[in-house]
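Me: I have a few questions about how some labels were assigned here. Could you take me through them?

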Amino acid sequence: MEQLRGIPESMLIPLIARAKECENENPIIRDKLSKIIFDDLDDMYKNITCDTMSQVGISVRSVIIDGITTRFIKDHKDSIVVNIGCGLDTRFQRLNKYKTSWIDLDVPETLDIRRQFFRENSNYKMLSKSMLDYNWTDEVKNYEFFNNESNILFIFEGVLMYFNESVMIELLHTIIEKFEKHNLTFVIEFCSKTISNNTNRHKSVSKLTSKPVFKYGYNDLNDLKKILPNSMKVLNEYNYFDYYKNRWGILGYCRFIPYLKKRLNNKIVLMEYKAPENI
C-alpha cells in the first residue's frame with residue numbers, strides 16, 4: 001500500500017478511533033467494519049495512534065453526523081449525500097438500510113486505498129477528485145440518480161480545519177453557485193480557534209509523519225456566521241462536550257463553563273441553503 005502524505009494521512013486517525021471504540025465495553029458507536037479495515041491495513045500504518053480523547057471525540061462526532069444524516073434522508077424522499085474528504089469512512093455502509101444515493105469524494109491517493117475495501121453500486125459512487133477541483137460538481141450532476149428535484153446533503157468531517165478561511169469560503173460559495181437550483185444542507189465539523197492554533201499539541205495529529213496543520217477554527221459561532229455566504233443559514237451547533245458526558249473525564253466539566261466549552265473541543269455545525277423559487 002502506498003505511503004500517504006499530507007492531509008490524506010490524517011484519515012487513518014478516525015478509522016483507528018472507530019476500530020478501538022469497538023473494543024470498549026459500552027461503545028459510543030459500533031463500527032465493526034472499521035475494525036476489519038484497520039486490521040487489514042499494511043503494517044506501515046500500525047504505528048499511527050489515536051489518543052483517548054480523540055477516540056471519544058471522533059466517536060461522538062460519528063454519532064452526531066449519523067443522526068443528522070438519518071434525519072435528512074428520512075425527511076427528503078429524493079436525497080443525495082455527498083461525503084467530501086471521505087477517507088475510509090463507513091457511514092454509507094452503516095446507513096445503507098435507507099437506500100439513499102451516496103457519493104464519497106476524496107483525492108486519488110485516498111480513493112485508491114478506499115477501493116480496496118469498498119465497491120460501487122447503482123446508488124453508491126466513489127469520486128476521485130480533490131474538493132478544490134470544482135469539476136467534481138459536474139461529475140455529480142452526471143450520475144443517473146441526480147435530477148432537478150434532488151435535495152443534497154454535503155458532509156465535511158475532519159476536513160475543513162486543514163484549510164484556511166479563504167479556501168473554505170470559496171468552496172462553499174462555489175458549491176452553492178453550482179447547485180443553486182437545489183435545496184442544500186451542510187454538515188461541517190469545525191475545531192476551535194484555540195485548537196487550530198495548536199496543532200503541535202494535538203496528541204494524534206502532531207504525531208503523523210507528514211505533520212499536517214490546522215488552519216481554520218472559530219471559538220464563537222457568531223464569528224463563523226460573519227464569514228459565511230449570505231445565502232447560508234445556520235440551524236444548529238453541536239458541541240461534543242454535550243454528548244456521552246461520562247466518557248470525557250475531568251474535561252467533561254468544561255460543558256458548564258462556556259469559555260472553555262467553546263475553546264477546548266470541536267463542534268458540528270448544521271447549515272442550509274434554500275433555492276430561490278424563481279430559479
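Me: What makes the sulfur of cysteine 254 too far from the closest cysteine sulfur for a bond?

Reply: A disulfide is a pair of cysteine sulfur atoms within 2.5 Å. The closest cysteine sulfur to that of cysteine 254 is in cysteine 191, 16 Å away, so it is too far for a bond. One note on the source: this is a predicted model, where local features need pLDDT of at least 70 and side-chain atom pairs count only at pLDDT 80 or more, while totals for chains, interfaces and linings use all residues. Residues are numbered from 1 along each chain as its sequence is written, and side-chain values use heavy atoms, with hydrogens and water left out.

Me: Why is cysteine 50 called buried?

Reply: Buried means under 20% relative accessible area, exposed over 50%, and partly exposed in between (1.4 Å probe, protein chains only). Cysteine 50 has 5%, so it is buried. Cysteine 254, with 6%, is buried too.

Me: Why is tyrosine 244 called partly exposed?

Reply: Its relative accessibility is 36%, so tyrosine 244 falls in the middle class. Its phi is near 50 degrees, a positive value in a residue other than glycine. Most residues other than glycine have a negative phi.
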